[in-house]
Protein chains: 2
Amino acid sequence: MPKSDTSRLYHQLVKRMRALADIKNAMALLQWDQETYMPKGGAQFRGQQLTTLAELAHRMGTSPALGKLLEKLLDKAELSEVERKNVELTHLYYQKAKRYPSSLVKALTQAANRCFMAWIQARQEHQFAVFAPELEKMIALKKQEAEILGYPACPYDALLDQHERGLTTEILENIFPPLQANLISLLSKIQQKPQPPDDFLYAYADKQQQWEFGLYLLQAMGFDFNKGRQDLSEHPFTTSFSPHDVRVTTRMHEHQLATMVWSCIHEGGHALYEQGLPAEQYGMPGGQASSLVIHESQSRLWENCIGRSLAFWTFHYPAWQKRFPTPFSHIALEDFYRAINLVKPSLIRTEADELTYHLHIFIRYEIEKKLINEHLPIQELPDLWNALYAEMLDVKVSDDVQGVLQDVHWSHGSLGYFPTYTLGSLLAAQWWEQLQQELPQLDEALAQGQTAPILNWLRKHIHGYGSLYTAEELCRRVTGKPLQADAFLRYVQQKYFRIYGLE
Amino acid sequence: MPKSDTSRLYHQLVKRMRALADIKNAMALLQWDQETYMPKGGAQFRGQQLTTLAELAHRMGTSPALGKLLEKLLDKAELSEVERKNVELTHLYYQKAKRYPSSLVKALTQAANRCFMAWIQARQEHQFAVFAPELEKMIALKKQEAEILGYPACPYDALLDQHERGLTTEILENIFPPLQANLISLLSKIQQKPQPPDDFLYAYADKQQQWEFGLYLLQAMGFDFNKGRQDLSEHPFTTSFSPHDVRVTTRMHEHQLATMVWSCIHEGGHALYEQGLPAEQYGMPGGQASSLVIHESQSRLWENCIGRSLAFWTFHYPAWQKRFPTPFSHIALEDFYRAINLVKPSLIRTEADELTYHLHIFIRYEIEKKLINEHLPIQELPDLWNALYAEMLDVKVSDDVQGVLQDVHWSHGSLGYFPTYTLGSLLAAQWWEQLQQELPQLDEALAQGQTAPILNWLRKHIHGYGSLYTAEELCRRVTGKPLQADAFLRYVQQKYFRIYGLE
């Protein structure tokens, strides 16, 4: 029997998209190497090599032949459900990519380079003014980008959609303000209670022991070292060159064992998702990690719901104590558990607890809206930042390095990115609630060191679908409910009521 | 003043060739990672990614637009000497690449994959018969390739030319047979003398100490760690992603310190060459490492002429002794020197001394000629191999793994490669003689740990020219003499006459 026309065309599409994925994955390796092993002197040529590959990928991803192929396939009725999704999404991305004039692509790349360098320098000199002019140019380009991409209600929507398909300000306005009020109320109750000690978390910890404990934790989560590895880098990250080669990185400081541990579990959560993508869908949307909300829901489920639970550490705390006997042999599990869940408003987002973390996000979200939808003058940014921190977290910013200069995101042109962190946490709590319903002995299993039931559930309900569904669609399919804050609020209330003895 | 037409066209060529180099260097990184850090599971997709990049590179390197550009440039009189060389060589490579039908490119790639797998299996099973049918197909393809490429006298010439531009059987026939006779005569004199002990070279040596000593040696040679690094791999190699990012690898076994040391110096020699290529010529022949003879002349100059000299170890042996006091604190420098220069016929090429090494090469050269120019039946290969080893080295092959299955080259389709190893040694001796004439206090400088004068000389006379000249051309430019065996014979005679007390 000869292959049908549809099957022949679909096969052509797969071939093209696999080749495109090959280029992008080669770029990912060049970037991974840049962060892990590349000697400093290699930077200039490496940048050039990445630019060449990016241009090639852009050309392949916007070629007229690809467009025609997609048009033909869209008309075919014989496609399977997954094939149709793959074709539709590829067509959507194709159309978006086509909208970018190559001048804008180049301008954004160059602006990001300059803006990032200015951010580095501004931090070194503790001078926001060094960063401001480059950030201003970047914001102007992002506004231009938003106009080219189009949006339902306001320009910021176009940027949100870049990080989570279909996400809008309207959606966020229904979720964030009530969540903010609830979190601030819970925070004020907590702050009336005495704080558990956590100084022992900052005791000296040997780096080799830390490294091995990190590997132990990844192993315990189900990370497949035959299909991945861990290395060192300045900032921890996860990358992937195929579902069979997923790399995480970590960093270690001798008095920051806890930072290493939860960063390791966080990246491990991202990595398990990448390892769980269907290899036979390589190159197609069905084989790619979804946009940021789902990805972040995986890292936060592992980092927080599992990795800061009493059940998880009931099993693993003895291993921690054995590796770091001083001072932990004298710290009881319950005290350890309270310390790793300490709630304390602070200046730095990445070091925040599960609760105040989101107040950091809301501050950035408010600022981004003003930058993109309104015309907030750049020089007013530090004052606005500091005022919001005083208002929401009651902390005083005395140095912009710990204030408006603390995140790298804006220097890369990543605006509309921060909200996905909070949505990822909300979704993680929804998965967690669903997991507890479907696997009723979950805490008991965790307390016995079993994580495979969780991983299998995630593989089946989430990882296996790649990016075929948005976070909202997947959430409804799996939990029957929209993506919302209810489960997260139940989760934090239950957790902190117990820890802080609230009622 | 507007740019001249020539300058505009030349700039276009440079842009195209730099992009092509970017792709090839990305491939080099993918291959480096495959040999150093890639988890096993990543192999399948990595192979696919490399194939995609190779196809892209081939397409870019044979595009009709590139051909037209080169034709136009060939007519321009205003090119500088280096520009003209760059254009002419690029045109030469373009024409060669165009000759390959894509079916042959694919057939060669696939045959190499299958042939390599069969070689691995044949070694595991100690069965040449497992390798034979795949090798037979490979030889047939290489004959086909030779016919497509064309040759002056015999098909083997086409394969020699692939590894060293302009190299022919006729050239080798003028050099190899008299050299062989001279080496066999010298070897028989040496074998009549008592052999110095070398058992201490196989004493236990801690791996961490070995690793650090390897880095120490690279540093001592002038390797720039800001523009390169060392990692571990199964088989040592050197690769480069730009002159500012050159990587060497090594391997360590606890009772093979010497193997690590001279492998490290050997790869270091290759790496110094790559680091010395002119960065502003990136992507053009003037910025690329030359073909194999010049590359090998660099590794062997460092490994043998310098790295096995009494002067070099006069300075560095104390560091060796300090790191490996047992047993070396009790071994005198002169005894150490004699041990590391022991001449002893053996079965394995890569472990051979400076003298018998070339007999291993001549055996392979004889066999390759018979395979490509004549019709040697594959099944007769082991017997021919074993007979030649008995005749030339007086050693008995009892297992094909230590015989005809010992080298990986043929499985990759690399025929015509082995002769460049010997030519590299001959050329190294010619550089060495020239160096001694131009830097008269050379031995004294080496004995004081100074290698910079040597490196500077190599940078100026060799590295700076990239692949603009063939080995023969460069040799004449630098030494005023053709590439020949005379200097090498003087070098080995002087060295071994002293060590073995010959007259």
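Two residues are taken to be in contact if their C-beta atoms, placed from the backbone, lie within 7 Å. Helices (H or I, at least four residues) and strands (E, at least two) are DSSP runs, numbered from the N terminus. The model is a predicted one, so local features need pLDDT of at least 70 and side-chain atom pairs count only at pLDDT 80 or more, while totals for chains, interfaces and linings use all residues. Residues are numbered from 1 along each chain as its sequence is written, with chains lettered from A and ligands numbered from 1 in the order in which they are written.

Take α4(A) to start with. Its buried residues (20 or more other C-beta atoms within 10 Å of their own) are N86(A), V87(A) and T90(A). They sit on the same side of α4(A), because they cover an arc of only 95° around the axis, taken from the directions from the helix axis to the C-beta atoms. This buried set packs against α1 (5-36) and α3 (64-74) of chain A. Over on the other side, E81(A), Q95(A) and R99(A) are exposed, that is, with 12 or fewer such neighbours.

Now for the pair of chains. The same surface serves both copies, as 97% of the contact residues of chain A recur in chain B.
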